[in-house]
Amino acid sequence: MGFKTKAAIFLAKTSKILMKLLNKRATQLPGKIAHKVDSNILRNMKKPLNTIAVTGTNGKTTTVNMIADIIDHLDNTYISNRLGSNTYHGLVSAILDGTTLTGRVNVDYAIYEVDELWSTNVLSQLEPKTFSITNLFQDSFERNANIYYVLERIKKGITKDVKLILNATDSISSFIDVPNEKVYFSVDNIFGEDEVKNSIVQDLVYCPNCEEEIVWDFQRYHHIGNYHCEKCGFTKPKAKYSAYGIDEEKNSIMLMEDEETVFLPIIQRSIETVYNQVCAYATLRENGFDSDQIIVAMKLLKIIDTRFETVEVNSKKIIRMVAKGYNPVANSRVLDFIGKSENKKTIIYLFDNIESNGSVDARTTGWNYSIDYDLLRDNFDKFIFKSRTAEDFIVPMLMRGIDKNKIVIAKEMSDIIKNIDIQTEEDIYILHDIEPVNVLQAKEVMKFIQDYVRG
Amino acid sequence: MVIEVLYKEFYIYGEKGNVDYLELMFKDAQFIHTKYNETPYFVNNRPDMIIIEPMAEFNLDRVAKKLEPHKQRLIELIEEDVYFFAFNNVLDILGTELKIKGEEDGFTLGIFNYHSIRDYDNRYAKLIYTKIDSHYVLASKMGFSNYYGNKHCYIYKTLKGGGFNNKSDLGGFRYKNSFLIEALGNIFMYNPYLSKKLLDTFGFDTKLPFEQDVFESYNKKISEWKRDGIIKQAE
């Protein structure tokens, strides 16, 4: 390790200590400082011997946290960018956590969440043993363009020795065209889900081998599920780890691993959480962890979900949920979740992050039309917008069959209250974007409604 | 009136919505949706309008090869003044040449006389606007590609955001009734005056679907864009 790298680590570590003393989050700045001193810091610094990397559009933060917590429960030391700082500086900052002032590594494991687009530049420098891809979906059009572009970026970052752990039910990312060793996981229809056909966003229509139209045996949503091509036989790859059922007595997910059933605890009854669990399990198994030990540690997992919060006040259940802005798939999934609930409900949609996202110029409208509003199944009383761009959402909603009489644009907080009947027993969903400022706003609205309902 | 929509199943960036709205606008027209594995309607018939919207570059390359056997027929129809609309990155495959930085040149149909440069390391996304018949037209631009060669056949001058390429304010490429627009953003849905003009051109009733809501969205957007300095107050 050269002098420049040592100096970079020393300065960045010192800044990290100072920031912690000042009670500041040190997820980015120390990485920036180190990078300033040594422009090749990520490549030059020493890393733990056992490195696990995870990417994907959805679920990567939760999966990384699960892996890190299990490794922790099993008495190993680790570093991780578990708060989600997943670009260059966030990764450097995470590695600094397991590095002494002199640059020596003092942890057993590194578990990294890697941004999909940054994979091209950073993956080879992280030197992972395994690289897991949770899934790929269309995300922010402005940044991520389209799913095939993202796949190409990831492909460029993959080095020859890394083992890939892929989601067999993701008909696009599972066929990443690299010669590496691949292991697959999958999740069958274990909760009796209804299929979601006719999504606006649909990235696999034709067989990538022979161009015949794909036949869906079970279409979970978008390009996820079980499928085959009648002409050439193209189909889902065989999964080594496959969640195939639920054992209600044991409150467990039945997972087939190489012809043997293992029982994973149910942490949350959502298909997304099961995907994350199965991906975490497969990743740990492929990194040499014992199945029984993983399961014991998995039972101790608690998902601290900053993206979901529920309170009950009198006749109301108020639910705060993230619906990531500019991400039509994430919004469709949230609306599907809400639409499936039989309870009476009002939905409040906050989307006021125009300034906070750093660029008013990125305020494009295409994502508004790509949301499957019809997944609400007309099963709600009011859809209340509190957003400077609320009017942009209206025509796309009307075009997907939403009744205009149910849509309200609230100019002020008091307009939200005016549309809530205090006597009615109902669920109130507050949907908001992902940035801290959005969470704060949503919490304020949540408190405002609680106070109103309490009288 | 017959409108042929080519390969809608591949459209991205919310542009399926643009076509869905067009279908509501031209409610008495016959829409033919040609899928990727089908022979285009225009090969054996004469539609009044053909439209194609942005798609992933991976699909765009496949579509170019799919259209290649029908290129001469497409040129023939364009020469016969059939309306042809293409948006955003579809322009990559319609010009004479597609340079891709760091890679081999892409395949193009060579129907129109301009060239394209695609740079996967330089993605851009921005809001743009112009004025047509004294009304604002609001749209956006995003992609990897820039286009060159519309100096004598541009359609509009953008007032912000750039045009055919990011260094030029001359936007669009027109040849006869072909309109190649590098912009996107559900243009028909969010620009009521432009949509009315289009309906009028074809002699249709100019009442728009969800007209009141479209105008509310349009007017609100103009005021927001002015408030944020995207549209200069003086314009």
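These legends walk through several close-up views of a predicted model.

**View 1. A nonpolar patch on the surface of chain A.**
Six residues make up this patch: A:Phe10, A:Leu11, A:Ile17, A:Leu18, A:Leu21 and A:Leu101. Look for A:Leu21, which sits in helix H1 (residues 3–21) of chain A. Is A:Leu21 buried or exposed? With a relative accessible area of 69%, A:Leu21 is exposed, because a residue over 50% counts as exposed.

**View 2. Helix H4 of chain A and its surroundings.**
Helix H4 covers residues 60–73 of chain A, 14 residues in total. From its first C-alpha to its last the helix reaches 20 Å, close to the 20 Å expected at 1.5 Å a residue. How many residues of H4(A) are buried? The count is 10 of its 14 residues, so the helix is mostly covered. Among the buried ones you can find A:Lys60, A:Thr63, A:Val64, A:Met66, A:Ile67 and A:Ile70. What do the buried residues of H4(A) pack against? Their partners in chain A are strand E1 (50–55), strand E2 (78–80), strand E3 (109–113), helix H9 (271–286) and helix H10 (291–299). Just after the helix comes A:Asp75, with a positive phi of about 65°.

**View 3. A salt bridge between two loops of chain A.**
Here the side chains of A:Lys236 and A:Asp188 meet in a salt bridge, at 3.9 Å from N to O. A:Lys236 lies in the loop between strand E8 (224–228) and strand E9 (241–247), and A:Asp188 in the loop between strand E6 (182–187) and strand E7 (215–221), so the pair ties together parts of chain A that are 48 residues apart in sequence. A:Asp188 is partly exposed, with a relative accessible area of 22%.

**View 4. A buried salt bridge between two strands of chain A.**
In this view the side chains of A:Lys316 and A:Glu426 form a salt bridge (3.1 Å, N to O). The two partners come from distant parts of the chain, 110 residues apart: A:Lys316 belongs to strand E13 (residues 316–322) and A:Glu426 to strand E17 (residues 426–432) of chain A. Why do both count as buried? Buried means under 20% relative accessible area, and A:Lys316 has 1% while A:Glu426 has 5%.

**View 5. A buried salt bridge in chain B.**
Now move to chain B, where the side chains of B:Arg118 and B:Asp92 meet in a salt bridge of 2.9 Å, N to O. B:Arg118 is in strand E6 (residues 115–118), whereas B:Asp92 is in the loop between strand E4 (83–87) and strand E5 (97–100) of chain B; the pair is 26 residues apart and links distant parts of the chain. B:Arg118 is buried at 0% relative accessibility, and B:Asp92 is also buried at 0%.

**View 6. A salt-bridge network with residues of chains A and B.**
Which residues are joined into one network by salt bridges that share partners? They are A:Arg388, A:Glu391, A:Lys411, B:Lys220, B:Glu224 and B:Asp228. Over all chains, a search of the whole structure finds 50 salt bridges.

**View 7. A buried tyrosine in chain B.**
B:Tyr136 is part of strand E8 (residues 135–143) of chain B. With a relative accessible area of 9%, B:Tyr136 is buried. Its C-alpha atom is separated by 9.8 Å from that of B:Leu159, 23 residues apart along the chain.

Note on methods. Residues are numbered from 1 along each chain as its sequence is written. Chains are lettered from A and ligands numbered from 1 in the order in which they are written. This is a predicted model: local features need pLDDT of at least 70, side-chain atom pairs count only at pLDDT 80 or more; totals for chains, interfaces and linings use all residues. Side-chain values use heavy atoms; hydrogens and water are left out. Patches are made of residues with over 30% relative accessible area and no salt bridge: like charges are joined within 9 Å, nonpolar side chains (Val, Leu, Ile, Met, Phe, Trp, Tyr) within 5 Å. Accessible areas come from the Shrake-Rupley method with a 1.4 Å probe; for residues, only the protein chains shown count as cover. A salt bridge is a side-chain nitrogen of Lys or Arg within 4 Å of a carboxyl oxygen of Asp or Glu. Helices (H or I, at least four residues) and strands (E, at least two) are DSSP runs, numbered from the N terminus. Buried means under 20% relative accessible area, exposed over 50%, partly exposed in between (1.4 Å probe, protein chains only). The expected span of a helix is 1.5 Å times one less than its number of residues. Contact means heavy atoms within 4.5 Å.
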